[in-house]
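Please read the following report alongside the sequence and the coordinates. It moves from the whole chain to single residues.

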Amino acid sequence: MPRNLDMTSLRSFLAVAEAGGVTRASGFLNLTQSAVSMQIKRLEDLLDVRLFDRSSRQLSLTASGELLLGYARRMLEMNDEALTRLT
């Protein structure tokens with residue numbers, strides 16, 4: 001059965017990666033920290049990989065996170081473009 005990546009989770013992942021942390025990303029997204037953390041966890045569970053290295057004070061991307069980052073940017077750009085053109 002095919003699985004789908006959730007755009008909201010990808011948007012949260014991208015925000016955390018670009019902001020360098022869940023707290024700053026949650027402010028940009030107007031979501032609670034726990035909501036953003038839950039979306040990242042769901043994405044990690046779906047993909048069965050760790051996306052962030054949480055060993056230090058600041059989050060950093062794992063190799064899998066770096067790989068997903070490029071896909072997330074492109075997928076969100078296409079999503080936003082389609083919505084802009086069709087609405």
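## Basis of the values

This is a predicted model, in which local features need pLDDT of at least 70 and side-chain atom pairs count only at pLDDT 80 or more, while totals for chains, interfaces and linings use all residues. Residues are numbered from 1 along each chain as its sequence is written, and side-chain values use heavy atoms, with hydrogens and water left out.

## Overall form

The protein has four helices and two strands, which follow one another from the N terminus in the order α-α-α-β-β-α. The radius of gyration of the protein is 13 Å, close to the 12 Å that the globule rule gives for 87 residues, so the protein is as compact as a globular protein of that length. That radius is taken over C-alpha atoms, and the globule rule is 2.2 Å times the number of residues to the power 0.38. The helices (H or I, at least four residues) and strands (E, at least two) are DSSP runs, numbered from the N terminus.

Along the principal axes, the C-alpha atoms fill a box of roughly 45 × 30 × 20 Å. Of the 87 residues, 30% count as buried, where buried means under 20% relative accessible area, exposed means over 50%, and partly exposed lies in between (1.4 Å probe, protein chains only). Among contacts (heavy atoms within 4.5 Å) between residues at least 6 apart in sequence, 51% join residues at least 24 apart.

## Helix H4 and its cover

Helix H4 comprises residues 63-86, 24 residues in total, and reaches 35 Å from its first C-alpha to its last, close to the 34 Å expected at 1.5 Å a residue; the expected span is 1.5 Å times one less than the number of residues. Its buried residues are Gly65, Leu68, Leu69, Ala72 and Leu76, and what covers them includes helix H1 (7-19), helix H3 (33-47) and strand E2 (60-61).

Ala72, which lies in H4, is buried with a relative accessible area of 0%. Leaving aside residues up to four places away in sequence, Ala72 touches Leu10 and Phe13. The C-alpha atoms of Ala72 and Ser12 are separated by 10.0 Å, although the two residues are 60 residues apart along the chain.

## Leu51 and Glu44

Leu51 lies in the loop between H3 and strand E1 (52-53) and is buried, with a relative accessible area of 0%. Not counting residues up to four places away in sequence, Leu51 touches a set of residues that includes Phe13, Glu44, Gly65 and Leu68. Leu51 and Phe13 are 38 residues apart in sequence and 8.7 Å apart in space, C-alpha to C-alpha.

Glu44 is found in helix H3 and counts as buried at 9% relative accessibility. With residues up to four places away in sequence again excluded, Glu44 touches Val49, Arg50, Leu51, Phe52 and Arg54.

## Two loop residues with positive phi

Which kind of phi value does Asn30 have, positive or negative? Phi of Asn30 is near 55°, a positive value in a residue other than glycine. Asn30 is found in the loop between helix H2 (22-29) and H3, and it is exposed, with a relative accessible area of 70%.

Asp48 has a positive phi of about 60° although it is not a glycine. Its place is in the loop between H3 and E1, and Asp48 is exposed, with a relative accessible area of 68%.
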